[in-house]
Amino acid sequence: MHRFIIGHNADPINWRERLERLRPRCLEMFIPPKYAEGQGLVELRKELEQMARHPVARSLEFASCHFPWGESANGYSRYNLADDQYFYPFIEIATILNDFRSDIGLPPEQCALNFHNLYEIPRLLLEKLGREGKLAAVRETLLAHAHNQTLTAQELLDIVGLPLTLVNENNPPIGDGDRMSIVDVFAEDLATRAAELHSRTCMDLSHVFMTRFHYDIPQPERPSFPYLEHESRTESDLSRRLDFEGYLERLRPLYFHVSDTKAPGARREFEGLPIGRGDTPWTEVLPAMARHASRNGDRLFMIIEIKGGHTAEGLRLCEESERELVGFIEDCFASGFLEAIS
């Protein structure tokens, strides 16, 4: 049980209530776009300086910051570091996070700067690219951009001397407005980039199971997902790639986003549900995570991240989700879980 370190997220507006009510052992700070420019950066520094003095923050075992690269605005992705206009906010946010880390006494390997390399393309365009045999070429171009964006971030951290752990997160197969991801959905994209750049990864469990549940739908009934169809058509070992334990071994996450997912998965309203309200096979997932942690000498930093969690109702659902998650973990121990990881 000592390997499971459960926490929550907060933002510059609600952090005090969430720390005092949820008392997380690990914390992810989400930075809304308004705090990535001008006066917002000043306010962000002030809030994190205050947070660092809070007794709950001072006892954290892990902290991360979800930088808003890839957040959608009117259907378009923004905050791509390769666009030089975002150099300043990236450096400022990273500096503020590193000061917070130093103030609460966390080592750099337990403080992560997390972002998605998120490229969401409308379904109709993906279908057209698929018919024309161009989908793979577009994907390779975007993978190269994701590599360069992550490399740029790492080099900037090194140049300015900010010892943070840079993390990329796996993407959901579908985003808002019927737009779909074509990179970082399966483990291989992230695993390759992390190995090349010596960065780390965050595994979002709901994003994993959105993809896996899609393939549980009988072939004639599956909705059109051009990228997923491309993968299943070209990969003979798809079942291996969807195996959760194998996914863990390839990705080797530094930490996890934890929520539930309802089958059939590949719709936005089925992800990020309170734990216990979906179809995630927790009796498979939790033992696999513990075996992985045991083999690698890791702890499992688990940030509960549910939709609407920042609201007053969401705070209650976060509390319920933590109780459900602890219950699932205890059930695994009671059913012989210890033998499974010995």
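A residue counts as buried when its relative accessible area is under 20%, and as exposed when that area is over 50%. Keep those cut-offs at hand for this walk through a predicted model.

**Stop one: Asp184.** Select the loop between β9 (179-181) and α7 (187-197), where you will find Asp184. Is Asp184 buried or exposed? Its relative accessible area is 0%, so by the under 20% cut-off Asp184 is buried. Now look at the backbone: phi of Asp184 is near 60°, a positive value in a residue other than glycine.

**Stop two: His198.** Follow the chain along to the loop between α7 and β10 (200-204), and select His198 there. Here too phi is positive and near 60°, and His198 is not a glycine.

**Stop three: Ser206.** Next, pick Ser206 in helix α8 (residues 205-216). Ser206 is buried, because its relative accessible area is 0%. Which residue does the side chain of Ser206 meet in a polar contact of 2.7 Å? Show the side chain of Thr261 and you will see the partner.

**Last stop: Pro264.** Finally, move to the loop between β11 (255-258) and α12 (282-296) and select Pro264. Turn the view to the peptide bond that leads from Ala263 to Pro264: this bond is cis, with omega near 15°.

Notes: Residues numbered from 1 in each chain as written. Predicted model: local features only at pLDDT ≥ 70, side-chain atom pairs only at ≥ 80, totals over all residues. Heavy atoms only, no water. Helix = DSSP H or I, 4+ residues; strand = E, 2+ residues; numbered from the N terminus. Buried < 20%, exposed > 50% of the residue type's maximum accessible area, 1.4 Å probe, protein only. Polar contact = N/O pair within 3.5 Å; in protein donor to acceptor, adjacent residues only side chain to side chain.
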